[in-house]
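Have a look at the model first, and then we'll go through them one by one.

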Amino acid sequence: MREDHDLAYMLQYENVAWFEDGKVRILDRRIYPAKKEFVVCSRHEEVAQAITDMVTQSAGPYTAAPMGMALAAYECRDKGIAAQMDYLKKAAHTISTARPTTTKRMSLLCDSCLKAAETALEAGKDAAEAIVQHTVEMNDERYKRIGVIAGYLVDKFPDGGTVMTHCFAETIVGMMLRECRERGKNIRLFCPETRPYFQGARLTATVCHDMGFDVTVITDNMCAYVMKNEHVDVFTTAADAICCDGHVVNKVGTYQNAINARYHGIPYYCTGAPDPGHPTIDTVTIEMRDPEFTLQAMGVRTADQGVKGYYPAFDITPPELVTGIVTDHGIYAPEALKNYFMDGDSPEFKVVV
């Protein structure tokens, strides 16, 4: 059984991104759920551009990128082995650099696809098919690992409790809800809309609703009010990068909500493993996107011509505002994250709250 069983529509592998018949189909999350449409890419450069253009985001690129590598393998299938590998290495660079903040993670994915392709070619097999199978295996492993993380996170949810999310945490949202359902633990959720792409309103809330949970969408400037007046028990997010020094890089707005949570005595749990490629926060590049996006809402302009916009895609939450980093080894104090790589089972490094 694949690890995406019993999850919402948009968390099924084929509905994230999929290579088939010489093309990659990517669910267009910019318009979902109002429209259920796929962007079809005939070249791996188009997959990279789709990632840049936010056709898919959160963990979506971690499926789209290797599927783009499968497409690249299909493009060069008539070349010799050496020429195919050279082509794939160039494609890996194009795809992995589609968005600067996640380049290190994407490079690891693309490099693993290169190894899968090389092994297949040396065995006389089709490299594109091998990469697709490798992607499914990677997804299964990732979903399974996140399922373990979900177990530790759900331990922190009181039955009948209230949870606030931020942006679209992709797999962990589905896995934590599946874990709640399997335990019979009932929770309600508040999802800030997360402008300017409204991922919270469109994606997180849709997944929660699809999976049968009580979910309410709020605007981004309601978070402190809701934390106080709706008795939020836990604030949780995933992260685009978790530095080994405990800094969390995530969708812009995470920082201010972490401040709100600390003021109101609400624990903030960030899910994911620390990134060895980011030993400290100064290794992270914050992506600055087109400021015009902040001057509109879903394509409707809200500001006068000549008004300036400003759009950092992510912000940085310092470790002192993070209650714990929820990993597949347990929950770590942010300042103890380096120990994740030394001994994941050492209880003295884990948060007990």
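Q: How is the expected span of a helix worked out?
A: Take 1.5 Å times one less than its number of residues. Helices here are DSSP runs of H or I with at least four residues, and strands are runs of E with at least two, numbered from the N terminus. This is a predicted model, so local features need pLDDT of at least 70, side-chain atom pairs count only at pLDDT 80 or more, and totals for chains, interfaces and linings use all residues. Residues are numbered from 1 along each chain as its sequence is written, and side-chain values use heavy atoms, with hydrogens and water left out.

Q: What span does helix α7 reach from its first C-alpha to its last?
A: Helix α7 (residues 171-183) has 13 residues and reaches 18 Å, close to the 18 Å expected. Gly-184, with a positive phi near 75 degrees, follows α7.

Q: Why is α7 called largely enclosed?
A: Buried means under 20% relative accessible area, exposed over 50%, and partly exposed in between (1.4 Å probe, protein chains only). In α7, 10 of the 13 residues are buried, so the rest of the structure largely encloses it. Among them are Ile-172, Met-176 and Arg-178.

Q: What do the buried residues of α7 pack against?
A: Their partners are α6 (127-154), β5, α8 and β10, where contact means heavy atoms within 4.5 Å.

Q: What makes β7 and β10 a pair?
A: Two strands pair if DSSP finds at least two bridges between them. Strands β7 (residues 234-237) and β10 (residues 268-271) have three bridges, in the parallel sense. Thr-237 stands opposite Cys-270 in β10.
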